[in-house]
Amino acid sequence: MNDAADRAAGDSGSPQDSISQKEIVDRALSEVVRHDFYQDSDDTLAGVVGKSIPSEHALETLICEMELHKGARVLQVGTGSGYAAAVLSRIAAEVFTIERMNEIAELARARLQSLGYDNVT
């Protein structure tokens, strides 16, 4: 499992129970390098994913509302660059993500695998 998910688990009465969802999400965001998922030189993603990579604040808000826990299984529709899936993977046990554009899906899959996000499918 990953550190953020382990921190999110916490047993009853443990110090981890006092960690807020926002703190868990902030830690997950800090573990993922956003720049790894989009560079200006990424021609295939330019104009497609560049407009859809969520800001850290937007992603934080969305994930906090989800109230994820260690054993969570997440379905993400619209993989894009893979950035949101990577952040989700630092909290959830498994992330399943789908992308309708094959070329974008392949780039994201390769990127996520090369960066070690093994719980993203």
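In helix α3, which spans residues 56-66, the residues Leu59, Glu60, Ile63 and Cys64 are buried, that is, under 20% relative accessible area, whereas exposed denotes over 50% and partly exposed the range in between (1.4 Å probe, protein chains only). These four residues cover an arc of only 130° around the axis, which puts them on the same side of α3, the arc being that of the directions from the helix axis to the C-beta atoms. An α-helix has 3.6 residues a turn, so residues three or four places apart point the same way. The face of α3 turned away from the buried side carries the exposed residues His57, Leu62 and Glu65. Helices (H or I, at least four residues) and strands (E, at least two) are DSSP runs, numbered from the N terminus.

The model is a predicted one, in which local features need pLDDT of at least 70 and side-chain atom pairs count only at pLDDT 80 or more, while totals for chains, interfaces and linings use all residues. Residues are numbered from 1 along each chain as its sequence is written, and side-chain values use heavy atoms, with hydrogens and water left out.

The buried residues of α3 pack against α2 (21-31) and α4 (83-89), contact meaning heavy atoms within 4.5 Å. Within helix α2 is found Lys22, which counts as partly exposed because its relative accessibility is 45%. When neighbours within four places in sequence are left aside, Lys22 is in contact with Glu60 and Cys64. The C-alpha atoms of Lys22 and Cys64 are separated by 5.9 Å, although these residues are 42 residues apart along the chain. The side chains of Lys22 and Glu60 are joined by a polar contact of 3.1 Å, a term for a pair of N or O atoms within 3.5 Å of which, within protein, one must be able to donate a hydrogen and the other to accept it, residues adjacent in sequence counting only if both atoms are side-chain atoms.

The structure also holds two aromatic pairs, defined for rings of Phe, Tyr and Trp (its six-membered ring) whose centres lie within 6.5 Å, with planes under 30 degrees apart counted as stacked, over 60 as edge-to-face and the rest as tilted. The rings of Phe37 and Tyr117 have centres 6.0 Å apart and planes at 50°, so this pair is tilted. Phe37 lies in the loop between α2 and α3 and Tyr117 in the segment after α5 (102-114), so the pair ties together parts that are 80 residues apart in sequence. Both Phe37 and Tyr117 are buried, and ring pairs link Phe37, Tyr83 and Tyr117 into a cluster.
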